[in-house]
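Please keep the sequence and the 3D view open as you read.

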Amino acid sequence: ASFSDVFVADEAIGRISGDLSMSGDALTLKFEAASPRLAVSGAGRIDMTEAMNADVTFLVNDTSLDPYFRAFQPRLSPFTTAIASGRIHVVGDLANIDRLRVDGEVDKVDLSLFDYKLHNAAPIKIALEGSTVRVTEMRLAGDGTELDLSGVVTLDDQQITARASGAANLGVLQG
């Protein structure tokens with residue numbers, strides 16, 4: 001199947017093509033979405049049962065993330081951009097966040113905050129397990145900036161515990 005001119009809010013995704021097949025309760029999927037600012041592919045399986053157990057992997061390649069963030073957070077500065085490549089692996093019960101695990105690895109990210117530029121100096125590793133998001137490795141670099149960041153966000157009580165070490169150019173604060 002193929003769809004053209006797909007949008008998220010007012011932001012174009014472009015063309016989506018893929019295959020879906022059912023065998024018993026198992027839905028197998030494979031898709032690609034592409035536009036000048038987006039390249040995403042995915043493949044995996046979702047059990048079409050009450051638990052909706054899934055094992056799906058998404059690959060993102062040189063994709064502009066900021067337009068899609070802006071669709072959900074319109075106050076994000078138009079001078080803030082993010083282009084990323086990486087992968088996301090989703091395993092578990094889609095109907096119950098406590099039995100869901102999402103692992104993400106960002107191989108490459110280029111951020112611009114007004115005229116200040118940052119990039120990752122090593123792969124960024126993020127995991128969601130239940131209602132807890134963990135950033136286990138994040139090293140950002142830019143002009144006068146070398147930061148190592150890690151932390152935990154608990155979604156239930158909206159608490160953040162974070163650690164940052166290194167040096168930061170204060171130009172990053174304008175974003």
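Which residue does the side chain of R45 meet in a salt bridge? The partner is D47, with N to O at 2.9 Å.

## Basis of the report

The model is predicted, and local features need pLDDT of at least 70, side-chain atom pairs count only at pLDDT 80 or more, while totals for chains, interfaces and linings use all residues. Residues are numbered from 1 along each chain as its sequence is written, and side-chain values use heavy atoms, with hydrogens and water left out.

## Salt bridges

Side chains of opposite charge can pair when their charged atoms come close. Here a salt bridge is a side-chain nitrogen of Lys or Arg within 4 Å of a carboxyl oxygen of Asp or Glu. Searching the whole structure gives ten salt bridges. The exposure classes are: buried under 20% relative accessible area, exposed over 50%, partly exposed in between (1.4 Å probe, protein chains only).

D93 and R99 form another salt bridge, with their closest N and O atoms 2.8 Å apart. D93 is buried, at 3% relative accessible area. R99 is exposed, at 54%. R101 meets E129 in a salt bridge too, at 2.5 Å from N to O. R101 sits in strand β7 (residues 100-113) and E129 in strand β9 (residues 124-129), so this pair ties together parts that are 28 residues apart in sequence. Helices (H or I, at least four residues) and strands (E, at least two) are DSSP runs, numbered from the N terminus. R101 is partly exposed, with 31% relative accessibility.

## Strand pairing

Two strands pair if DSSP finds at least two bridges between them. Strand β5 (residues 53-64) and strand β6 (residues 80-93) run antiparallel and are joined by ten bridges. S64 stands opposite I83 of β6.

How many bridges pair β6 with β7? The count is 13, again in the antiparallel sense. T81 has S112 in β7 as its bridge partner. β6 and β7 form a hairpin, with six residues between them.

## Around V90

V90 belongs to strand β6. Is V90 buried or exposed? V90 counts as buried, at 12% relative accessibility. Contact means heavy atoms within 4.5 Å. Leaving out residues up to four places away in sequence, V90 touches A54, D55, V56, F58, L100, R101 and V102. V90 and G44 are 46 residues apart along the chain, and their C-alpha atoms are separated by 9.2 Å.

## Aromatic pairs

A pair of aromatic rings is described by the distance of the centres and the angle of the planes. Rings of Phe, Tyr and Trp (its six-membered ring) pair if their centres lie within 6.5 Å; planes under 30 degrees apart count as stacked, over 60 as edge-to-face and the rest as tilted. By this rule there are two aromatic pairs.

Why does the pair of F79 and F114 count as stacked? The ring centres of F79 and F114 are 5.3 Å apart and the planes lie at 25°, so the pair is stacked. The pair links distant parts of the chain, 35 residues apart. F79 is in the loop between α1 (66-72) and β6, and F114 is in the loop between β7 and β8 (116-120). F79 counts as exposed, at 51% relative accessibility. F114 is partly exposed, at 36% relative accessible area.
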